[in-house]
Amino acid sequence: MGTAAVHLLLLLGLLHAGPGGEGRKGWRRRGPAVRERGEAAAAAAAAAESFPLDFTAVEGNMDSFMAQVKSLAQSLYPCSAQALPHDLRLHLLHNASVTCNDGSPAGYYLKESKGSRRWLLFLEGGWYCFNRENCDTRYDTMRRLMSSREWPATRVGTGILSSQPEENPHWWNANMVFIPYCSSDVWSGASSKSEKNEYAFMGALIIQEVIKELVGKGLSTAKVLLLAGSSAGGTGVLLNVDRVAEQLEEMGYQGIQVRGLADSGWFLDNKQYRRTDCIDTITCAPTEAIRRGIRYWNGIVPERCKLQFKEGEEWNCFFGYKIYPTLRCPVFVVQWLFDEAQLTVDNVHLTGQPVQEGQWLYIQNLGRELRNTLKDVTASFAPACLSHEIITRNHWTDIQVKGTSLPRALHCWDRSLHESNKNGKAPLKGCPIHLIDSCPWPHCNPSCPTIRDQFTGQEMNVIQFLMHMGFDVQKMAQQQGLEPSKLLGMLSSGN
């Protein structure tokens, strides 16, 4: 019997000894991230789309266990696990008529995982442009978001695109696809470059073309396709997930379960803190920018959403809380309650100077509004943090809401979808998928990403950050009917 097979049998023995039973007595808990890894072994055995080894079952010495997993993965999957470190490889589209803004071919990065029937397609973000002037400026300053001419041949997968089980505990062994954003149209455009049009806007068509090519590379045998994206890519997920499902059905692949994961793309069409003229992407109110953009890009939105609004008001479908009720595919929404991009377009600029009282009230109200729009979203993860994007960050496993990490919540969502497809059961007990922070201030969640002072570069804790923003402890404590010392204690603990 080979060494790899011996390792496999040993690991399977550990896994079967996991929840309950004698084999678990010598293992020790190691903090909040590990306490979540409980009941997954039996569920993973039942879940056909999961890799047979479910690493969430072990609650003990995870460092040692993950080292064994990595060694096993490298012996069983030499092509994927021993990748370079640049493990996603560039493929330019064969159909040269589907292009980036400047007419160069669009493309995608792929890391295949032989034997896995799970596919993760990630849409990159990066704002947008909505007229000739700001698209010219974008081309001069951010050319890689409008052209493929200088794209590297390989990319490193991070966060949910990582092939390391330590960084990506539930999706590390999926087929990974990273689709670079080079259409500047929130993945909605359907117009080619011509004498009349200086730029092509083909975001929606790029996704369709990538799907066509991937079918020939193994997607045809997929069990699950997760269309994920961050920022503009997150909005792109909402705009395209049903269309991808329909495309695969029309191609004869009705058995593929298409799902969406929208990160930091759930924007509000709210009133700006301070109104400014619509000059560029940053200063223009989101509603006006999308109104202008959808005409400039020849943007398309899902038919079911389009029918909810009058002709000419299709821009409404770019806002998550308006399009979500019309979607057929299940979508998991990840959204910071105090999203930096939302604050930017709302003209709240946190430059290191204490914020004015009006800004502070506006920020708190933004959190309340966003929380309210998520109340009917079945699967959501919304920490009360000031940040933007998360799922491709290597620290994405650290953020928790009510004691549950994002990878754990996504795993619970996977399981709930598998169980509901099988027998219509309600969400699994002890496996939450609707996680929204209730504390009212930015960074009142102690697991939020580290904030640094813009001038000194030093890390700040929650209280230092709030003081830095001009937070008045005495006044806020009085408003809440608390002693200042009690309020500070609550902030420190994240309550």
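In this predicted model, 10 strands form an open sheet with mixed pairing, in the order β4-β1-β2-β5-β3-β6-β7-β8-β10-β14. Its edge strands are β4 (154-155) and β14 (434-436), each of which pairs on one side only.

Helix α7 (residues 203-215) touches β1, β2 (107-111), β3 (118-123), β5 (175-179) and β6 (224-230). The direction of α7 makes about 40° with that of β2. Helix α8 (residues 232-250) also packs on the sheet, where it touches β3, β6, β7 (257-263) and β8 (331-334). The direction of α8 makes about 155° with that of β6.

**Strand β8 and its neighbours**

Strand β8 runs parallel to β7, and 4 bridges join the two. Asp 263 stands opposite Val 334 in β8. Strand β8 is also joined by 3 bridges to strand β10 (residues 379-382), again in a parallel arrangement. Here Phe 332 stands opposite Ala 379 in β10.

In a regular strand the side chains alternate between the two faces of the sheet. Strand β8 has Val 331 and Val 333 on one side, and Phe 332 and Val 334 on the other. These residues are all buried, and both faces of β8 are covered.

**Helix α9**

Helix α9 (residues 286-297) has 12 residues, which at 1.5 Å a residue should span 16 Å; its end C-alpha atoms are 16 Å apart, so the two values agree. The buried residues of α9 are Pro 286, Thr 287, Ala 289, Ile 290, Gly 293, Ile 294 and Trp 297. Because these residues cover an arc of only 155° around the axis, they lie on the same side of α9. The buried residues of α9 pack against α12 (340-345). After α9 comes Asn 298, whose phi is positive, near 55°.

**Aromatic pairs**

The structure holds 12 aromatic pairs. A pair of aromatic rings is described by the distance of the centres and the angle of the planes. Two of the pairs are set out below.

| Pair | Centre to centre | Angle between planes | Description |
|---|---|---|---|
| Tyr 139 and Tyr 199 | 6.3 Å | 50° | tilted |
| Trp 266 and Tyr 324 | 5.9 Å | 65° | edge-to-face |

The pair of Tyr 139 and Tyr 199 links distant parts of the chain, 60 residues apart. Tyr 139 belongs to helix α6 (residues 132-141), while Tyr 199 lies in the loop between β5 and α7. Buried means under 20% relative accessible area. Tyr 139, with a relative accessible area of 19%, is therefore buried. Tyr 199 likewise counts as buried, at 7% relative accessibility.

The rings of Trp 266 and Tyr 324 have their planes at 65°, so this pair is edge-to-face. Trp 266 is found in the loop between β7 and α9, and Tyr 324 in the loop between α11 (320-323) and β8, so the pair ties together parts that are 58 residues apart in sequence. At 1% relative accessibility, Trp 266 counts as buried. Tyr 324 is buried, with a relative accessible area of 18%.

Finally, Trp 127, Tyr 128, Trp 297 and Phe 318 form one aromatic cluster.

How values were computed
Residues are numbered from 1 along each chain as its sequence is written. This is a predicted model: local features need pLDDT of at least 70, side-chain atom pairs count only at pLDDT 80 or more; totals for chains, interfaces and linings use all residues. Side-chain values use heavy atoms; hydrogens and water are left out. Two strands pair if DSSP finds at least two bridges between them. Contact means heavy atoms within 4.5 Å. Axes are lines fitted to C-alpha atoms, for helices over the stretch in contact, and angles run from 0 to 180 degrees between N-to-C directions. The expected span of a helix is 1.5 Å times one less than its number of residues. Buried means under 20% relative accessible area, exposed over 50%, partly exposed in between (1.4 Å probe, protein chains only). The arc is that of the directions from the helix axis to the C-beta atoms. Rings of Phe, Tyr and Trp (its six-membered ring) pair if their centres lie within 6.5 Å; planes under 30 degrees apart count as stacked, over 60 as edge-to-face and the rest as tilted.
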